[in-house]
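Trainee: Could we go through this model together? I'd like to begin with the ligand.

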Amino acid sequence: MARQEIRIATRKSPLALWQAEFVKAELEQAHPGLTVTLLPMSTKGDIILDTPLAKVGGKGLFVKELEVAMLEGRADIAVHSMKDVPMEFPEGLGLTVICEREDPRDAFVSNKYSKLDDLPQGAIVGSSSLRRQCQLRAARPDLEIRDLRGNVGTRLSKLDAGDYDAIILAAAGLKRLELEDRIASLIEPEQSLPANGQGAVGIECRLDDAELIELLKVLEHAPTRARVLAERAMNTALHGGCQVPIGAYSEIEGNELWLRGLVGDPDGSTILYAERRGPITDAEQIGQALADELKQQGAGEILERVYGER
Ligand SMILES: NCc1[nH]cc(CCC(=O)O)c1CC(=O)O
């Protein structure tokens with residue numbers, strides 16, 4: 001009998017819930033008769049499962065509570081922002097679908113200024129992303145960049161409280177939460193190269209569930225997958241985790257994939273940049289080759305310094 005229900009394990013942040021609701025709506029529309037339910041979970045602190053399921057290549061791996069739910073059969077899928085998804089998965093789980101990308105750009109958000117270039121000398125900008133910090137500092141060494149954490153709503157309230165002259169957020173998150181009117185201006189990749197996978201949503205599930213994977217296929221977007229593959233391959237080859245001063249952004253032009261990448265010193269003193277074009281089918285090799293090029297420019301030394309400081 002055909003499957004009648006798909007259960008989505010999701011975190012409870014507004015953005016996570018939006019993404020889960022989006023996938024639910026798309027699946028229910030594509031498959032009449034199918035019911036998709038949300039299983040919101042508190043994910044305070046990731047847990048490590050000491051079972052063979054949690055071993056990858058012989059080494060232990062952090063398995064998040066959403067993944068435990070899927071491995072134990074309490075949930076079927078998890079929906080992720082691609083830029084937050086680790087490069088490795090517990091055995092038996094994988095990213096089976098990558099959905100069409102939303103706007104990948106960073107957004108300039110301010111109640112006083114309409115764009116980055118309008119900020120006066122010494123203005124205070126909020127961002128805890130090393131990638132955003134290094135690019136901001138390289139372009140504008142006079143700015144004072146201060147940490148800004150929390151979910152999108154929390155960050156906006158800190159701006160509104162007057163703690164910052166401006167903050168930088170991903171445009172995609174703001175658009176999804178219907179906060180697009182908070183975007184003062186979009187920052188082009190030339191000024192702030194996005195993070196790998198930014199703006200794209202992926203679906204993780206058990207790899208042995210062929211029937212489920214077949215149902216999920218309606219959400220797959222091949223051009224986005226190629227772009228995200230190239231960007232993630234670059235990040236992986238640089239051993240980049242989630243919190244790194246690395247930008248990776250690709251676009252498709254005809255039959256070609258154009259990947260741009262950068263590694264920067266968080267203080268903005270150095271920005272290493274490279275770009276490469278190649279056939280879309282070589283997405284991963286393009287990412288790896290670009291990482292090699294950045295390593296030749298000295299990316300390894302910068303990243304070692306950053307990792308060493310944490
Ligand atoms: N690191 C947090 C995060 N993870 C995903 C998004 C939303 C954008 C996206 O889906 O890439 C955000 C917010 C932000 O960076 O402003």
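Trainee: Which residues surround the ligand?
Mentor: The ligand is surrounded by Leu 15, Ser 81, Lys 83, Asp 84, Val 152, Leu 169, Ala 170, Ala 172, Gly 173, Gln 198 and Gly 199, where a residue is near a molecule if its C-beta atom, placed from the backbone, lies within 6 Å of it. Two or more residues of this shell come from each of β12 (166–170) and α5 (171–176), with helices (H or I, at least four residues) and strands (E, at least two) taken as DSSP runs and numbered from the N terminus.

Trainee: And by class, what does the shell have?
Mentor: The shell has 5 nonpolar, 4 polar and 2 charged residues, given that Ala, Val, Leu, Ile, Met, Phe, Trp, Tyr, Cys and Pro count as nonpolar, Asp, Glu, Lys and Arg as charged, and the others, Gly among them, as polar.

Trainee: Before going on, what kind of model is this?
Mentor: This is a predicted model, in which local features need pLDDT of at least 70 and side-chain atom pairs count only at pLDDT 80 or more, while totals for chains, interfaces and linings use all residues. Residues are numbered from 1 along each chain as its sequence is written.

Trainee: What pLDDT does the protein chain average?
Mentor: The average is 92, and 92% of the residues score at least 70, pLDDT being the predictor's confidence in each residue, from 0 to 100. Over residues 55–60, however, the pLDDT is below 50, and this stretch has 9 contacts in the model beyond near neighbours in sequence, a contact meaning that the C-beta atoms of two residues, placed from the backbone, lie within 7 Å. Where pLDDT is low, the predicted coordinates should not be read in detail. For the complex, the predictor gives an ipTM of 0.94 and a pTM of 0.92.

Trainee: Now the domains: which ones does the assignment give?
Mentor: The assignment, which is automatic or from a database, gives domain 1 (5–99 + 200–220), domain 2 (106–187) and domain 3 (235–308). The centres of domain 2 and domain 3, taken over C-alpha atoms, are 24 Å apart, and their contact takes 8 residues from domain 2 and 12 residues from domain 3. On the side of domain 2 that touches domain 3 there are 4 nonpolar, 2 polar and 2 charged residues.

Trainee: Back to the ligand, which domains each give its shell at least three residues?
Mentor: Domain 1 and domain 2 each do.

Trainee: How many helices and strands are there in the protein chain?
Mentor: The protein chain has 9 helices and 17 strands, and 43% of its 310 residues count as buried, which requires 20 or more other C-beta atoms within 10 Å of a residue's own, whereas 12 or fewer make it exposed and values in between partly exposed, with C-beta atoms placed from the backbone.

Trainee: Is Asp 160 buried or exposed?
Mentor: Asp 160, in helix α4 (residues 152–160), is exposed because it has 11 other C-beta atoms within 10 Å. Its C-alpha atom is separated by 7.5 Å from that of Asn 111, which is 49 residues apart from Asp 160 along the chain.

Trainee: What about phi of Glu 178?
Mentor: Phi of Glu 178 is near 55°, a positive value in a residue other than glycine. Most residues other than glycine have a negative phi. Glu 178 is found in the loop between α5 and β13 (185–187), and it counts as exposed, with 9 C-beta neighbours inside 10 Å.
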